[in-house]
Amino acid sequence: MRVPRRAIYGFLGANGTGKTTTIRMVLGVLRAHVGEIRVFGEAMRHGKARRIGALVESPALYDHLTGAENLDLTRRILDLPRREVDRVLELVDLRDVAKRRTGGFSLGMRQRLGIARALLGSPKLLILDEPTNGLDPDGIRDMRVLLQCLPEGGDVTLLISSHLLGEIEAIATHVGLLHAGRLLAEAPLAELLGSQGGVEVATEDRARAALILGEAGFGVCPHADLPGALVVDAADPADIAALLHQRGARLTHLARHRRPLEQVYHDLRAKAA
């Protein structure tokens, strides 16, 4: 598994596939029996932990303390300057509620505060395990916006473990798909979806276009979401355009077909079975 700098890397798979175990090995909580974990180009050692922030499961907070006081406890343990609390509160957009007791925080606010605590000390790698678990639609949307802003605003790389493929598809730049403890695929998200999808084609006469393409040996099926269009099993849209033009079929739509990440995952898992 390779996570580029400042990427939002979605580490994806069903429950029980090994995502949390892998994260715990990266964090040093569990020891890997084989292989090697390298972080920032070097073999993982205890001293690297200061450069990694993590939120695994729900954050443990003191409900009788304010948000700022909860953060200040961790700041003092890490021997960081006082300004760190204000910095991370600003990053997660909680400055306006920082003086409220966390016992009255919503689940989304608690998750944000947990991320703020993980960002204390400016770690270069932030690991989040199921950060949207249990959130309502508004909370999921707010978390999505926050996570998309962090790589630039906080100069941090994100490794996000999740079984919610649709959510990760909305924010990730790179993904790794895990099944039964094995990495099925790893690539930039756009590359993975594009390489698996084929080509979308629409002409003035769909039946004739399907006949032309079928005779040329291409697999063709109706587009599920675009009325009148076809999905062609081909890698290069230019080849399809040239063929249809040569046969006198007038194109009205041509694009790479991006299948949903969930479908790509299930197809790869079926091939691996």
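Figure 1. The model is predicted; local features need pLDDT of at least 70, side-chain atom pairs count only at pLDDT 80 or more, and totals for chains, interfaces and linings use all residues. Residues are numbered from 1 along each chain as its sequence is written, and side-chain values use heavy atoms, with hydrogens and water left out. Helices (H or I, at least four residues) and strands (E, at least two) are DSSP runs, numbered from the N terminus. G13 has a relative accessible area of 1% and is buried (buried, under 20% relative accessible area; exposed, over 50%; partly exposed, in between; 1.4 Å probe, protein chains only). Not counting residues up to four places away in sequence, G13 touches K19, S162, H163, L178 and Y265 (contact, heavy atoms within 4.5 Å). Of these, Y265 is 252 residues from G13 in sequence, with a C-alpha to C-alpha distance of 8.3 Å.

**Figure 2. L147 in helix α5 (residues 137–153).** L147 is buried, at 2% relative accessibility. Apart from neighbours within four places in sequence, its contacts are I8, I115, L128, P131, L158, I160 and I171. Between L147 and H245 there are 45 Å in space, C-alpha to C-alpha, and 98 residues in sequence.

**Figure 3. The two sides of helix α9 (residues 237–246).** P237, I240, L243 and L244 are the buried residues shown. They lie on the same side of α9, because they cover an arc of only 130 degrees around the axis (arc of the directions from the helix axis to the C-beta atoms). An α-helix has 3.6 residues a turn, so residues three or four places apart point the same way. Cover for the buried residues of α9 includes β9 (199–203), α8 (206–215), β11 (229–232) and β12 (251–256). Exposed H245 and Q246 are carried on the face turned away from the buried side.

**Figure 4. A nonpolar surface patch of M1, V3 and L183.** Together the three residues have about 220 Å² of accessible area (Shrake-Rupley method, 1.4 Å probe; for residues, only the protein chains shown count as cover). Patch residues have over 30% relative accessible area and no salt bridge, with nonpolar side chains (Val, Leu, Ile, Met, Phe, Trp, Tyr) joined within 5 Å and like charges within 9 Å; a salt bridge is a side-chain nitrogen of Lys or Arg within 4 Å of a carboxyl oxygen of Asp or Glu. L183 belongs to strand β8 (residues 182–188) and is partly exposed, with a relative accessible area of 31%.
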